[in-house]
Amino acid sequence: MRNMKKVLAILLVAVLSLCCFAACGNNGDTDTTTAAGDTTAANADNNGDNYAAKNTEYFIGATGPLTGDAAQYGISVQQGAQLAVEEINANGGLNGKNFKFDIKDDKAAAADAATGYDTLYEAGMQVSLGSVTSGSADSFAGRAVEDNVFFMTPSASAANVIADRSNAFRICFGDPDQGVLAAEELSKNYEKIGAIYDTSDPYSAGIFEAFEGKMKELGKDFDTQTFDAENKKDFSTQVEALKDCDVIFVPIYYTEAGLIAKAASAKGSDAVIFGCDGLDGVAEQIDSSVKNKVSYITPFDVNSEDAKVSAFVKAYQEKYGVAPDQFAADGYDAVMVIFEAMKKAGVDDVTISPSALCDILVKTITAEDFSFEGVTGKMTWDASGAPTKVPTIVEL
């Protein structure tokens, strides 16, 4: 009998302990227990698919520099994308469901882009514009691959951003494309060619590498000067070395390009300053002291008489009070491509998971019968994620 009482006492303690743990775990809620080892319900709130299931609007996310030296790029993409979302919603959305867009400030820093991605994904992001700049986009893309989130970056042009990533696409030309185009253009029109590029920047170094390779293939010589992240303010030495050139190729961003143009004029150089899409915005960096012609490769011409471009420029100016640049146009087109692909695929579930939507978009956009004609031109894509489109050369 004593042993029986002992056993009963032990059983009673065990039962009371289980009840105590159950009460602490439930906090008064019901139907929350799961089978042993089943963590699906417990962990559901820690992934984007669960948050997406709560969405009442299709959620497009992105990161970009909204502050800092490259802020003009991020703000332009933000404004172009937001304009596209507002136009889509004003026209009834997708089967009556609206879109929303959110961009996090990554300051053009990879670490901030990764943090921004995590925040957006946990908030329910279903599809993305990736990041605005190449360094940030590579970081963002690494996260997106793990979660199988589709992104169409407006402007991250480094080859590694989309390389070997089936979910990664872009609107803009890639760095190698621009380098090859520049080499072909300059070798046809100039004899003495110089180049200045940023060895510390993937965008600049990537374009230059392609430019250099194409120039060698064409049998054309050129002179090169460099700078890095620590030396982005004074370009007098580089310009002095190239002042007798007919053209100076600058595959860099607009801030440094403006300084180079001013240095060229100060040194008495008549060289044409020729760049790529990073020069969009350089007009605001130069003044009447600059006598050199400045031109650059871009998919967007704000002065185009094309009806679609004119309508976009007018709407953008009315909303923001300024003319759009190429990055605004890229952001606008990136949203519109996603919308048109979702419409073509018959997407009709505002709670669709990011991974499921990614699979649908990849299949739709890479199909032979899909093309998109936007304000940055007519585009098609294959599995590489790179667009096929025709460039424009803008001259200031």
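Tutor: Strands here are DSSP runs of E with at least two residues, helices are runs of H or I with at least four, and both are numbered from the N terminus. This is a predicted model, where local features need pLDDT of at least 70, side-chain atom pairs count only at pLDDT 80 or more, and totals for chains, interfaces and linings use all residues. Residues are numbered from 1 along each chain as its sequence is written, and side-chain values use heavy atoms, leaving out hydrogens and water.

Student: What stands opposite I193 in β8?

Tutor: That's V247. β6 and β8 (residues 247–250) have 3 bridges and run parallel, and the rule asks for at least two, so they count as paired.

Student: How many bridges link β6 and β7?

Tutor: There are 5, again in the parallel sense, with β7 covering residues 223–227.

Student: What makes the crossover from β6 to β7 right-handed?

Tutor: The test is to point the strands away from you and follow the path from the first strand over the helix to the second: clockwise means right-handed. From β6 the chain passes through α9 (residues 202–218) to β7, and this β-α-β crossover is right-handed.

Student: How do you know that β6 is mostly covered?

Tutor: Count its buried residues, where buried means under 20% relative accessible area, exposed means over 50%, and partly exposed lies in between (1.4 Å probe, protein chains only). In β6 (residues 193–198), 6 of 6 residues are buried. I193, A195 and Y197 point one way, G194, I196 and D198 the other, and all are buried.

Student: What about β1, how many of its residues are buried?

Tutor: In β1 (residues 58–64), 7 of 7. Both faces are covered, with Y58, I60, A62 and G64 on one side and F59, G61 and T63 on the other. β1 has 7 bridges to β2 (residues 99–105), running parallel, and F99 in β2 is the bridge partner of Y58. The chain gets from β1 to β2 through α4, in another right-handed β-α-β crossover. β1 also runs parallel to β3 (residues 127–131), with 3 bridges.

Student: Why are α4 and α12 called roughly perpendicular?

Tutor: Axes are lines fitted to C-alpha atoms, for helices over the stretch in contact, and angles run from 0 to 180 degrees between N-to-C directions. Under 35 degrees counts as roughly parallel, over 145 as roughly antiparallel, 65 to 115 as roughly perpendicular, and the rest as oblique. α4 (residues 71–90) and α12 (residues 307–320) pack at about 105 degrees, with axes 11 Å apart. That angle is why they are roughly perpendicular.

Student: At what angle do α13 and α14 cross?

Tutor: At roughly 90 degrees, with axes coming within 9 Å, so α13 is roughly perpendicular to α14. Their contact (heavy atoms within 4.5 Å) includes V337 and I338 of α13 and L357 and I360 of α14.

Student: What makes β11 and β13 edge strands?

Tutor: They belong to an open sheet of 3 strands, ordered β11-β12-β13 with antiparallel pairing. β11 (372–374) and β13 (387–388) each have a single partner strand, so one side of each has no neighbour in the sheet.
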